[in-house]
Amino acid sequence: MPEGHSVHRITRQFERNFVGHVVRASSPQGRFAAGAAEIDGRRMTDARAVGKQMFLGFEGDVWLRVHLGMYGAWDFAGEILMDATIASANGRMGQTNQAGTFLDRPNPDAVVFDSAGENSLQSIGAPRKTRLRMSESEKEKDGNGLDTFPPEPIGQVRVRLLTDTICADLRGPTACEVLDPAQVEAVVGRLGPDPLLDDGPEAEECFTRRILKTATPIGLLLMDQNVVAGIGNVYRAELLFRAKQNPHTPGKLVPEEHVRHLWRDWAKLLRIGVETGQMMTMDDLDPEAYRAAMASRDDRHWVYKREGLPCRVCGTNIVLEEMGARKLYWCPYCQA
């Protein structure tokens, strides 16, 4: 399932390529025909992400809510403004960006931020015709140029959004619905705080109180989108390791300073994820190690997907178990 950084990055693609344009909407598979008709012909006015949820605003106070879930994917085609991380991954903006990002300069301090705050490996150039996949669990597709535009839909496309130059196809989402502003507010109101939207003291206090009031294990609480928005399996494991926190400790027994550290660390890692396109969770790497970590998941995580391997700190084998029907990776010594 996508984690918060992926959804924020996909939202940025809509901000760059769709906001301000009149959009033609359709449902090639037919399941979203009525919803598509509601937004067809309207100008997109906004694109927002809250945790794992994305909201696309249209003229007339109409909103499209999308939750990709486990199998959802966006296909973009046409004259797309792409950053280098997306290009390096053949357009796949998924849970871990398995393809990695190969830096063209060894010094991470030399990376230049563009005006959108994206960690570009080179300047964003002129749009180029291409087709790219922004998905969570599916394999990457061919990124060659297009012969015709718009392309024929591939698979069961729930909704197609189309401008004169850009096409976005959505397939397999958990949620895809048209909402009014009050309904959007109700959905957002049920979510926990998202530090990319608000990392101030009130958001930190909200997170802290929600953790400290319950006996639910901290490892489950971090995955609860009503407690905090955007954290998934990778960030859960890495945040807890970085805090040296046992995932089974009841929330109300976690020291308050640890809870506040988790919030601040989540804010830090989320920004890194959005800027780099990678869930980079290791700090203070030398240039060579940083380059390797950007290129391969094996070199950028402390515990995630490292079951049976020695802990990078203490040498104890990393444990894999199930918690809340999801895989949990942790070090029983460092996080005792």
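Ala289 is partly exposed, because its relative accessible area is 27%; on this scale buried means under 20%, exposed means over 50%, and partly exposed lies in between, using a 1.4 Å probe and protein chains only. The residue sits in helix α9, which covers residues 287–295. Here helices are DSSP runs of H or I with at least four residues, strands are runs of E with at least two, and both are numbered from the N terminus. Ala289 and Asp299 are ten residues apart along the chain, and 7.7 Å separates their C-alpha atoms. Elsewhere in α9, Tyr290, Ala293, Met294 and Ala295 are buried.

The model is a predicted one, in which local features need pLDDT of at least 70 and side-chain atom pairs count only at pLDDT 80 or more, while totals for chains, interfaces and linings use all residues. Residues are numbered from 1 along each chain as its sequence is written, and side-chain values use heavy atoms, with hydrogens and water left out.

For the chain as a whole, the secondary structure comprises nine helices and 13 strands. Of the 336 residues, 54% are buried. Contact means heavy atoms within 4.5 Å. Among contacts between residues at least 6 apart in sequence, 66% join residues at least 24 apart.

Axes are lines fitted to C-alpha atoms, for helices over the stretch in contact, and angles run from 0 to 180 degrees between N-to-C directions. On the α1 side the contact involves Gly4, His5, His8, Arg9 and Arg12, and on the α8 side Leu270, Gly273, Val274, Glu275 and Thr276. By class, two of these residues are nonpolar, five polar and three charged; Ala, Val, Leu, Ile, Met, Phe, Trp, Tyr, Cys and Pro count as nonpolar, Asp, Glu, Lys and Arg as charged, and the others, Gly among them, as polar.

Helix α7 (residues 233–242) packs on α8 at an angle of about 130 degrees, with the axes 10 Å apart, and the two are therefore oblique to each other. This crossing is right-handed. Tyr235, Leu239, Leu240 and Arg242 of α7 make the contact with His261, Leu262, Asp265, Trp266, Lys268, Leu269 and Gly273 of α8. Six nonpolar, two polar and three charged residues take part.

For helix α5 (residues 201–212), the axis comes within 9 Å of that of α8 and crosses at roughly 130 degrees. The crossing of α5 and α8 is right-handed. Residues Ala203, Glu204, Glu205, Phe207, Thr208, Arg209, Ile211 and Leu212 of α5 meet Glu256, Val259, Arg260, Leu262, Trp263 and Arg264 of α8. This contact divides into seven nonpolar, one polar and six charged residues.

Some individual residues round out the picture. Thr11, in helix α1, counts as buried because its relative accessibility is 3%. Leaving out residues up to four places away in sequence, Thr11 touches Ala47, Arg48, Ala49 and Met54.

Asp40 lies in the loop between α2 (33–39) and β2 (42–50) and is partly exposed at 27% relative accessibility. Beyond its neighbours within four places in sequence, Asp40 contacts Val23, Arg24 and Ala25. Its side chain reaches the backbone nitrogen of Ala25 at 2.9 Å. Asp40 and Leu161 are 121 residues apart in sequence, yet 8.5 Å apart in space, C-alpha to C-alpha.

Conventions. Polar contact = N/O pair within 3.5 Å; in protein donor to acceptor, adjacent residues only side chain to side chain. Parallel < 35°, antiparallel > 145°, perpendicular 65-115°, else oblique. Left-handed = near helix turned anticlockwise from the far one by under 90°.
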